[in-house]
Every structure is written in structure tokens, then in C-alpha cells.
Amino acid sequence: MARLLLLIAAAAALDRPTSRFQNAFGNRGSSVRRKRTLPVYRPPDSPATPLPVPGSSRTLRYQPEGAANAQLVRDLQQYGALVVIIGDGEDEPIGCVVDVRLAEVSDEGQAAVVASCTSSNARVSLGRVAKAFPYTAREVSTLEDTDFLYADDVLAAYDVVEDDEPSTSKARTACVDLLEATLELCDTLRPTLGAIDAFGTETREGEYARMKRRLLEAVSKDDEEQDEERDRRLSFLCLSLVDAPDELRRRCLATRSAARRYAAVQRFLRPLHRELSAACALGASSTPPPPTPCPVDAPLAFAALRPGRRLAYWWSDAAGWCAGECGVLWRTGDAEDGSVEVQFDSAPGEAGSVTQRLELLGADRGRWKLLPL
């Protein structure tokens, strides 16, 4: 167990492209335009293990259980990549190819995988079963978007239709503009979040400002892409930045309409934009806290945290979502460290509440969400 914990803790070292772990797998990549045969893995359906999004910079961590999955992890250096199953469509089951950066099985048989999903071509359709024992491997190929609006599409409720045709350009502009405005509000409220590097040196901009810059660079990128490829890349990027819940991620990955994907992200983002706008109207702090370390792509919802703000935290698979109120943003010395005191509601039949200090910026980011105002 100690070895497994050290393995997971060492994952931060993998953010460097020259990492010795990445060198072991880095010659394969997740660009899957041609057919490939890769092992498939279905992670637990839990907010603690959020679904991958193509083009995301975030590190993914899995702990597959069972003897068959242990053998799968042992063989990952041979494959270099893994397909995380997203859905089981009747005609075309889909998944996301994640690049394996570290895979190891402890002496006790516990497995750990560290991966990333940086390619916008990572969404794939699952074809012929090429291996059935002790784990499943299948042929996969990139799943592209289409302009056709299917009536039974999983995002049909988010249609953006103009003259019976999907208005992808209109949906793109509306989504990107709203996301850019939301990032500006986040930066206004928390300008020092991430305004310090790994060596303790202050930087000129915080993480929200860097996120906005990366978004605009992605919009203006000109690599002679086809329209379909460009909108697939941009819509997945927008999805990855908003920390959408798994059910919305699953639908956005399953749809083959970029217009619907843009519209779904925009609809999810609107309540947070309104809340942040109201907070800015009340006035941002004239004396922001000292620069705070922050991972790449900070949660947008973190900018909305304030004492008394209601949120929910995924405590465990057994307890599910637990509601509570945000307390103080924890400080180490004069600087915030990204953790928050949360006073949880008392359980039915119990008196009193429980207060816990939780890390909401790092590995647990998928386990919390703001509750509606």
C-alpha cells in the first residue's frame, strides 16, 4: 500500500515532457486516425474518477481492481495507451484513448495508472474484439463529428438550429464569448490564484488569465484544419475547462454535433457566469491574498467560493453527495493553500454538524460542486 501511495504522489513529476516515465510510453500518442488495437477499461461510475475529455491537459489517475485488470496494467507498456469506455451505444460504442504515462502493479496486486488525454482525436468508436481474455482489447478508430442533426441525439434538447441546419459558427461564437467573459470574472475575483511558479517566484498573471489566453490562442490557431476538426477540437476544449459533471461530459462525448456540444457547455456555464457577475458588481477585494499555488486549469467554481456558499462533496460511493457550507479559505501563513473548511449538514436523525478541511483545487476537484443558489 505504501508503494502504491508513493506511486500516485509521484505523478506530479509527470507534468514535465522529459519525464522518464513518459519516455517509456511517449512514442505512441493518442492520435488514432488509423485503426489500432487497444485494451479497454471501464472505470467506476463515480465523481472521484471523472471521465476524460479529448484535448484536456489534466492528469488522469485510475486504480483498476481485479486480477484481469492487474494483467492489463502490466501489459500497458506494450500498448502505450488505453481506451476508457464512455458509452455503450447500440450501433457504435465509444471511448476515449488516454496516453499511459505510468502503469504499475504493487507486490500486493494493487494497480495504478497515470494517463493524459491531450489529443483532440482521442474520441473513438469501438470495433471488433481482438482479445477477450484475461482482459478485452478492441479495434478503435477516431470518431468524427457530422453536420447531420439526429433526432435521437443525446443532446437534442440543446439544439442550435437555423433554417433546419445546425449553426455551428453561431454556437461556437456564443460559447467561446461566454467562457472568455467567465474567465475574466474569475480573474477579477481571484487574480492571485496561480500567480506563483513551482519555485516560489511570483508571475505576472494568475491561472484564470492564463486559461483565457490559452482559450484565445486555441480559437485563433490556424493549422489548415478542416471545419469539422477545428470545431471538434474547440468544443472539447471548452468542455474540459468548465468542470462539467460526468453525465454532461458523457453526453457531450457521445454527440456527433459540435453545435450541440457548444450549446450544452454554454447552458451549463450561464448560472456560474451570473453568480460571478453579481459578485464582481459587489466589488472585488481591494487587497487580494498573496499568490497561491494552483494546478493547470483551475476550477471556475473556485472563484465563486465565499463563506456561507452552499456546495456538495462526494464523500464516498456509500454516502454519495453530502451538502454543506463553505467556511474559511485555509491559509498556511499568509497564503491560501487551496483547501477550504466545509461545515457539512447533520445527517438525518443526528444532531450537530461536521466540519472538514478539504482540498478543492487538486486531485479532489471532481468530487465537489456548487449547489444552486
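Predicted model: local features only at pLDDT ≥ 70, side-chain atom pairs only at ≥ 80, totals over all residues.
Axes here are lines fitted to C-alpha atoms, for helices over the stretch in contact, and angles between N-to-C directions run from 0 to 180 degrees.

**A helix pair**

Helix α5 spans residues 168-189 and helix α7 spans residues 227-241; their axes come within 11 Å and cross at roughly 30°. Angles under 35 degrees count as roughly parallel, and α5 and α7 are therefore roughly parallel to each other. The crossing in which α5 passes α7 is left-handed. On the α5 side, the contact is made by T168, R172, C175, V176 and L179, while α7 brings in R230, D231, L234, C238 and L241. Sorted by class, this contact of α5 with α7 holds six nonpolar residues, one polar and three charged.

**Two loop residues**

Now for the loops. T118 sits in the loop that links β5 (111-117) and β6 (123-131), and A347 sits in the loop between β12 (335-344) and β13 (354-359). Here are their values next to each other:

| Residue | Relative accessibility | Class |
|---|---|---|
| T118 | 47% | partly exposed |
| A347 | 33% | partly exposed |

What does T118 touch, not counting residues up to four places away in sequence? Its contacts are G55, S56 and D99. T118 and D99 are 19 residues apart in sequence, with 8.1 Å between their C-alpha atoms. As for A347, its C-alpha atom is separated by 9.0 Å from that of C322, a residue 25 residues apart from A347 along the chain.

Technical notes. Residues numbered from 1 in each chain as written. Heavy atoms only, no water. Helix = DSSP H or I, 4+ residues; strand = E, 2+ residues; numbered from the N terminus. Parallel < 35°, antiparallel > 145°, perpendicular 65-115°, else oblique. Left-handed = near helix turned anticlockwise from the far one by under 90°. Contact = heavy atoms within 4.5 Å. Nonpolar A, V, L, I, M, F, W, Y, C, P; charged D, E, K, R; others polar. Buried < 20%, exposed > 50% of the residue type's maximum accessible area, 1.4 Å probe, protein only.
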